[in-house]
Amino acid sequence: MNSVFIYWDNSNIFHEAQRLAEERGEGTNARYRVRINFDNMMRLAHADRHLQKALAVGSVPPEMRQLWNRMENRGVEVHLFDRGSAVRSEQEMPDRVLQLRMLEDALDHNGDPGTVVLLTGDGAGYLEGAGFHSTLERMHRRGWRVEILSWAHSCNLRMRRWAQENGVFVALDDFYGAITFLEPSKPGTELASARDSEPLDLSRRSVT
């Protein structure tokens, strides 16, 4: 199968984009004004290949509703969780849902694997046989091609090295200008201008 299956850990991707916006000095309150360009991020993930499935997990703050609606309107399956839950950590359930669906898809397409594209940086749990890294290894042993898209400064080092040796690692930092934009400052705060996304250049994007 030449199809692409995308699994998007939005909290990890968005929170690290906030930190990078601040580090790059993109103006006043850049951390709170930066947004993900959904269309460009999705295109970077599937790289103009046939998209079989896309699944995203994240949290439910109202300011993210526009992004979730946009994803759902484009055929992305979205699962949202309350990040304020006292029962479990913010990332525990979203991570488990992504990992479960990845394994389910691997079973459903046993003998006819495709390309798994994971947008995250979280490689925790590997030594215990759990987490994204272990899930990717299981899929890879069954013939799946593996691609990880992550911010270079936040990706689990062990998982990044494994992806570079066995598949593809794409540093989102190299596409920062295309996959993010900045909203203007809100009334009552220090003036800061908006920034549009740059055109996405896929010629710099490796694929398996």
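**Entry 1: Arg205**

I looked up the contacts of Arg205, where contact means heavy atoms within 4.5 Å. Not counting residues up to four places away in sequence, Arg205 touches Leu44, Ala45, Ala47, Arg49, Val117, Glu147, Leu149, Val168, Val170 and Phe175. I note that this is a predicted model, in which local features need pLDDT of at least 70 and side-chain atom pairs count only at pLDDT 80 or more, while totals for chains, interfaces and linings use all residues. Residues are numbered from 1 along each chain as its sequence is written, and side-chain values use heavy atoms, with hydrogens and water left out.

I placed Arg205 in the segment after β8 (180-182); helices (H or I, at least four residues) and strands (E, at least two) are DSSP runs, numbered from the N terminus. Is Arg205 buried or exposed? Arg205 counts as buried because its relative accessibility is 7%; buried means under 20% relative accessible area, exposed over 50%, and partly exposed in between (1.4 Å probe, protein chains only).

**Entry 2: Glu147 and its partners**

I found a polar contact of 2.8 Å between the side chains of Arg205 and Glu147. A polar contact is a pair of N or O atoms within 3.5 Å; within protein, one must be able to donate a hydrogen and the other to accept it, and residues adjacent in sequence count only if both atoms are side-chain atoms.

Glu147 also forms a salt bridge with Arg49, with the closest N and O atoms 2.8 Å apart. This pair links distant parts of the chain, as Arg49 is in the loop between α3 and β3 (51-59) and Glu147 in strand β6 (residues 145-150), 98 residues apart. A salt bridge is a side-chain nitrogen of Lys or Arg within 4 Å of a carboxyl oxygen of Asp or Glu. Glu147 is buried, at a relative accessible area of 0%.

**Entry 3: Other salt bridges**

I recorded a count of 15 salt bridges by this rule. In one of them, Arg74 pairs with Asp39, the closest N and O atoms being 2.8 Å apart. Arg74 lies in the loop between α4 (65-73) and β4 (77-81) and Asp39 in helix α3 (residues 38-46), so the pair ties together parts 35 residues apart in sequence. Arg74 counts as exposed at 52% relative accessibility, whereas Asp39 is partly exposed at 27%.

**Entry 4: Nonpolar core**

I noted that the largest nonpolar core has 38 residues, and that Trp8, Met71 and Leu119 have the most contacts inside it. Such a core is a set of buried Ala, Val, Leu, Ile, Met, Phe, Trp, Tyr and Cys residues joined through side-chain atoms within 4.5 Å.
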